[in-house]
Structure formats: C-alpha cells, structure tokens
Amino acid sequence: MPNPPELTPEQQKELQEKLKNMSPEELQEFQKQQCIFCQIVSGKIPSKKIYEDEKVIAILDINPAAKGHLLLLPKEHYSIMPQIPDEDLSHLFLIAKQLSKKMLQKMKVAGTSIFIANGLAAGQRAQHFMIHIIPRKQGDGVLPLNEQLQDKEMLQNIKTAVQPKLLNQLGIKQKEPAVEKTPKSQKEEKEEDNDVNLDDIANLFK
Amino acid sequence: MGCEYCEIAAGNSKSLILHQDAEIVVAVKDTSVIPGQITVFPTEHHPIMELVPDNILQKCSIMANKVSVAIFEGLDTTGTNVIIQNGTAAGQNRPHFAIEIIPRRENDGLDFQWPQKQLTEDELGYLFNELTEDVPEEKPAIKPKKVSGKDNYLLKSLKRKA
C-alpha cells in the first residue's frame, strides 16, 4: 500500500486546525479525499480490478498473504462494518462467495479465508472497509486460529453480556424474568452508561 | 459421528445459544481463540460457503454484523475480526459453514497479520489474467491435436453431431 507523503510539523499543525473547524460532513468528505482506496475506486490510483459492479470492486492485493489474494471493497467510503447498510453488506458477501468460488476453480487451491478487521485493535490498516479473500493451501501458516476450551462460567458471562445487546440489535424484546441464574443487574446498568460509540472507533483512522 | 454445529442447533451441546431461528444460529462455543468469540452459522448443514444458498449467506452476513456491534457494546472491545475458514486447507475443522466474530483489544496477544509477499508486475499480470478469465462451465470435450488414430472416427462423429 502506498504511504501518504510526510508532513512538516507546521503543515501538521495547520492540518489539525483545519480538522477541528470542520463540520461532520466536511470531515467525511476530507476522509474520502485522503483515502487511498477511494482513489483506487475512482481510478486515480491504478489497480488490477478483478470484479466491478455499481456498488463494489475487487482488486488484487499487491502485498498479498498468498498469490491471488483479493481485496473486495464497497465503492462508498465506510471505515468499519457496522456503518454499512444491510443491503450493501449482504451484497459484498455474495460477491465474496462468487470470487471465492472462482479462486477455488482457477487458482487450484483447496480453501479460502475470508477476513475482516474492524478497528485498529483488530489489525485494520486501511481506513476503508474491505473484505480479504485469501487463497489457502494446507500448511501455509496464514491465519491460524488456535481454539481453546473455555469454562462454563466464562461462557455464561459472555452470554449475559452480549445477548441483550444482540437481541436489542434484532429488535427482540427480552422477557423480564431472565433465564440466567448469574446476577447481572449491577453490571448491566454500568454497561448501559458507557455504551461504545462506533463513530469513535471509525474515526480513529482520520 | 454427528456434526458439532448441527448438535449445537439441536440443543445437544455445552455451547450456549444467543439466538436461533429456522435459518440461523448464533452461539458461544465452548472453544474459542479468545473468550468472547461468537459463531454465526446456518441452521441447515452446508459444508462450505460455495454451497450455502445466497439468501442464507446474506442473512448470516447481516447477523455477523449485528453480533459484531453487540460485542463492541457488550464486551466493551475496540475491534472485531470477522473470519470464515472455508475448506480444510483454510483451517476449517468442522464440516459446517460458519462465520467467527472475534473481539479484539489492544495488546490482547492475538496477531492475525500474515507475512506479506512481494509480487512482480509479471506475477500480478498473470494472476489478473487467471482471475478475470471466465471459468468455463463445461470442459471442452476434445483436443483435436492430441487425438490418437484409434479415437479419430468417434471424435469426428462427435464433432459432426455438435
């Protein structure tokens, strides 16, 4: 991936001033202008396009995990997955399926990995949401997932913390007499107070 | 032996179900790379992504996104990885298509970064040609130049019919 040019301290200061005074719309526009992948979408930066329709493009990664590694991205600028409308996200996955199938047939590989990183902590490098589609061969050492046994209490704690948020996302009201035996009221109240602002995670890239 | 995910869907498992309907299961498995990992999979048994019907795959992707948000909110994480291991060569170790959503925090000890390869322009050009070329639906039945004398009559007649 090409790096943006280095700025002098004066230029950085000027830039920070400029950013501070921008409206959210202006800021979004500014992010798009700075985004390398938006420039690939618009053709300002050349790329090897494998697939394109009105919503998405897929290009060959020039620094791949394996030969044939593709980056599938929405043409619209989104930083992280939660910002993407359902319709567009499900379209991306359908195209990922088609490209994966093509990979299995053309690259003579026995598997593919689909990989998404949301947020810097997840290893996201670019400020433009993308789905990696990676051709895989036995023993290539890419993306090892070493699962370990988790104890029962841990599983229950995770369920208690995540399930209400998920049901809320799905618009399902949870029955009041909670099935869980673990006490949760205090913890839950605390969590309500410091709900994560997804915009903060997305804006870490600016 | 039964499929582990089919067993989870049937309720015969130590894994905990967060949501289930006729088409999708969302579960906390009893194994994970890090506590908080959540798995989304179709209720019906499909081994790999290419065999999952489009409408089910679309629903799974939307569900994975909602699970990702629920993890951000419920576990107070600053990132998530969404991973599909498709095929045993990709490390898939259960014969049932699934999307894994993994909570991530700074310095959590996980590192999914792969060593990056450098490709030459020639290699990129070759891959581009390979992947942009349409996959033939049917293999050409005959390669005329390699035909031995013995098959000639049969192949000629096949050609004529075609």
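How much area do domain 1 of chain A and domain 2 of chain A bury between them, and what percentage of it is on carbon and sulfur atoms?

1. The model is a predicted one, and everything below should be read with that in mind. As to the question above, domain 1 of chain A and domain 2 of chain A bury about 480 Å² between them, with 49% of that area on carbon and sulfur atoms.

2. The bounds behind that figure come from a domain assignment, which divides chain A into domain 1 (1-34), domain 2 (47-136) and domain 3 (152-203). Four residues from domain 1 of chain A and seven residues from domain 2 of chain A take part in the contact between these two domains, whose C-alpha centres lie 27 Å apart.

3. One salt bridge is found across the interface of domain 1 of chain A and domain 2 of chain A, and A:Glu76 also forms a salt bridge with A:Lys32, where the closest N and O atoms are 3.4 Å apart. Two residue pairs are in polar contact between the two domains, both residues of a pair being at pLDDT 80 or more. On the side of domain 1 of chain A that touches domain 2 of chain A, the residues comprise one nonpolar, two polar and one charged.

4. A further pair in chain A deserves a look: A:Lys75 and A:Glu52 form a salt bridge in which the closest N and O atoms are 2.8 Å apart. Because A:Lys75 lies in the loop between strand 3 (70-74) and helix 4 of chain A, while A:Glu52 lies in strand 1 of chain A, the pair ties together parts that are 23 residues apart in sequence. Over all chains, the count by this rule comes to 17 salt bridges.

5. Helix 4 of chain A covers residues 86-106, and its 21 residues reach 30 Å from the first C-alpha to the last, which is close to the 30 Å expected at 1.5 Å a residue. After helix 4 of chain A comes A:Lys108, with a positive phi near 55°.

6. Turning to the two chains, 79 residues of chain A are in contact with 81 residues of chain B, and the chains bury about 7,200 Å² between them, 64% of it on carbon and sulfur atoms. Of the area that chain A buries against chain B, 10% is supplied by A:Lys97, A:Lys106 and A:Glu147, more than by any other three residues.

7. Which polar pairings accompany this contact between chain A and chain B? There are 32 residue pairs in polar contact across the interface, again with both residues at pLDDT 80 or more. Several elements of chain A give two or more residues to the side that touches chain B, including strand 4 (111-118), strand 5 (131-136) and helix 5 (152-169). Helix 4 of chain A gives the most to that side, with 14 residues, and the residues of the side as a whole divide into 43 nonpolar, 20 polar and 16 charged.

8. Six salt bridges are counted between chain A and chain B. B:Lys29 forms a salt bridge with A:Glu147, with the closest N and O atoms 3.0 Å apart.

Terms used: Residues are numbered from 1 along each chain as its sequence is written. Chains are lettered from A and ligands numbered from 1 in the order in which they are written. This is a predicted model: local features need pLDDT of at least 70, side-chain atom pairs count only at pLDDT 80 or more; totals for chains, interfaces and linings use all residues. Side-chain values use heavy atoms; hydrogens and water are left out. Domain bounds come from an automatic or database domain assignment. Contact means heavy atoms within 4.5 Å. Buried area is the accessible area (1.4 Å probe) that two parts lose on being put together, summed over both. A salt bridge is a side-chain nitrogen of Lys or Arg within 4 Å of a carboxyl oxygen of Asp or Glu. A polar contact is a pair of N or O atoms within 3.5 Å; within protein, one must be able to donate a hydrogen and the other to accept it, and residues adjacent in sequence count only if both atoms are side-chain atoms. Ala, Val, Leu, Ile, Met, Phe, Trp, Tyr, Cys and Pro count as nonpolar, Asp, Glu, Lys and Arg as charged, and the others, Gly among them, as polar. Helices (H or I, at least four residues) and strands (E, at least two) are DSSP runs, numbered from the N terminus. The expected span of a helix is 1.5 Å times one less than its number of residues.
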